[in-house]
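Here is a short tour of one protein model, written for someone just starting to read structures. Have the picture open while you read, and try to find each part as it comes up.

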Amino acid sequence: MIRLLFSYFSILLVGLSLSTSSAQDTTASTSDKVKTRTGAAGNVSLRLEIEHAIDRGLKYLATQQNAETGAWSETDYPALTALPVAAVLGDPSRNPEAELSAELNKALDFIGSNAKRGGGIYGKGLATYNTALSMMALVQSGREQDLELVRSGRRFLINQQQDYDVQGVVDSEFDGGIGYGGSYAHSDLSNTHLALEALHYSRKALTESGALKEDAEFELDWDAAIKFVSLSQNSDETAKKLEFATVTDENRGGFVYFPGDSKAGEDEIAGGEKVALRSYGSMSYAGLLSFIYADLDADDERVGAVMKWLGRNFTVEENPGLEAQGLYYYYHTMAKALTAAGVNQLALSDGSSVDWREQLAVKLFDLQQQDGSWLNEDSSRWWENDRVLVTAYAVLALEHIHRGL
């Protein structure tokens, strides 16, 4: 089988060369500059332990695939198949030039069977979430026959970008972002960062394969996207624009779900006249990833602010601000964001630094079940009572960690 995307995806796997967007070519990208690079390389023992945990996790996932359909978990949501596919393809022991197994091809065929006439890849709903994750699995596989699905998926995601009121003018706090689609139309940071990821990597893949063609000028409004992401960050500027909100020092620099709303709640300020939105971990890493995919200059104060918040709130014991809710989503997003940003040692607020890879890996070792799976035993929110979903998150996090060792 022709592997048109192999050279491209080997770059994606190590989190390098993040350069898609309309940002200026003269500035260094976030992935080039947000880094400390002072420690984590060469830990052979940790690398071997990670490989063992990944192997156990993948063996569990193999037992859960539906042999007839090729899918994992609920067939109405192809994203729940795309995540295990990505985990299998990212296995560090797998030869990336090897032919895809029959099981992988069947899973990819199942994902493709969910493609809609408008370009989305989804079943019952959650169109953006499913399309973005499905596109990532299709791109990662390198199958030539899926390129047209990826092109159509790009058009679908770009058309999901919100532009309320006056067209072409960012005059709503939701403009520039992307939501779930359908009845969940307004923008949120979770769907936005997943869509930006799929658009970022699919454009590189299609360009390198020569399949982008007439879509070359059909692009997201990245400037508007950055404005939406910025309004989801706790800052003095955001507080001025959202007149009912203010920002406190402990929340400064972190991110919320969408402008004016935090799943971590809020604090009343000044007798209830204003509220301070609480930042939380998973969305703060999603915010950092969004800046990376949009190629925001790493010297930008918004990037520095989120890095400071992450350093002040680093932990592998909980999703900061949400405790056990979305814990494995948090682990996955943390590993992906810090890898993409090139961070080996995360700077903490006391002037020290932490080897985040080792701490997160050891925590995941401790949480792995005897059958090789993972499960959020303390919260079922956001589907984290689904062993397949949570195991895929954990394996993907370990694979990102492994690539930096």
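## Salt bridges and the whole protein

A salt bridge is a side-chain nitrogen of Lys or Arg within 4 Å of a carboxyl oxygen of Asp or Glu. With that in mind, a search of the whole structure turns up 15 salt bridges. Please remember as you explore that this is a predicted model.

The protein has 15 helices and five strands. Of its 405 residues, 57% are buried. The exposed surface comes to about 16,500 Å², and carbon and sulfur atoms supply 47% of it. If you take the contacts between residues at least 6 apart in sequence, 70% of them join residues at least 24 apart.

## A look at some salt bridges

Let's begin inside a single helix. E237 and K241 both belong to helix α10 (residues 236–241), where they sit four residues apart, about one turn of the helix. These two form a salt bridge, with their closest N and O atoms 3.4 Å apart. K241 counts as exposed, because its relative accessibility is 54% and exposed means over 50%.

Another pair is R302 and D300, whose side chains meet in a salt bridge at 2.8 Å, N to O. R302 is partly exposed, with a relative accessible area of 26%. Then there is K363, which forms a salt bridge with E317; here the closest N and O atoms are 3.0 Å apart. K363 lies in helix α14 (residues 356–367) and E317 in the loop between α12 (301–312) and α13 (327–340), so this pair ties together parts that are 46 residues apart in sequence.

You can find D188 in the loop between α7 (147–159) and α8 (189–209). The side chain of D188 reaches the backbone nitrogen of N191 at 2.7 Å. Setting aside neighbours within four places in sequence, D188 is in contact with I178, G179, Y180, F228, Y257 and F258.

## An enclosed helix

Now turn to helix α4 (residues 79–89). In α4, 10 of the 11 residues are buried, so this helix is largely enclosed by the rest of the structure. The buried residues of α4 include A79, L80, P84 and L89. Which helices do the buried residues of α4 pack against? They pack against α3 (44–64), α5 (102–113), α6 (127–141) and α15 (387–403).

The loop between α4 and α5 holds E97. At 56% relative accessibility, E97 counts as exposed. The C-alpha atoms of E97 and G142 are separated by 10.0 Å, although these residues are 45 residues apart along the chain.

Three strands form an open sheet in the order β1-β3-β2, with mixed pairing. β1 (245–246) and β2 (266–269) stand at the edges with a single partner strand each, so one side of each is left without a neighbour in the sheet.

β1 and β3 (residues 274–277) pair in the parallel sense over two bridges. To see where they meet, look for A245, whose bridge partner in β3 is V275. Strands of a sheet pair through backbone hydrogen bonds, either parallel or antiparallel.

## Two positive phi angles

Most residues other than glycine have a negative phi. D295 has a positive one, near 60 degrees. D295 lies in the loop between α11 (281–293) and α12, and at 7% relative accessibility D295 counts as buried.

W383 also has a positive phi, near 65 degrees. W383 is found in the loop between α14 and α15. With 26% relative accessibility, W383 counts as partly exposed.

How values were computed
Residues numbered from 1 in each chain as written. Predicted model: local features only at pLDDT ≥ 70, side-chain atom pairs only at ≥ 80, totals over all residues. Heavy atoms only, no water. Polar contact = N/O pair within 3.5 Å; in protein donor to acceptor, adjacent residues only side chain to side chain. Contact = heavy atoms within 4.5 Å. Buried < 20%, exposed > 50% of the residue type's maximum accessible area, 1.4 Å probe, protein only. Pairing = 2+ DSSP bridges. Areas by Shrake-Rupley, 256 points an atom, 1.4 Å probe, with all protein chains shown as cover.
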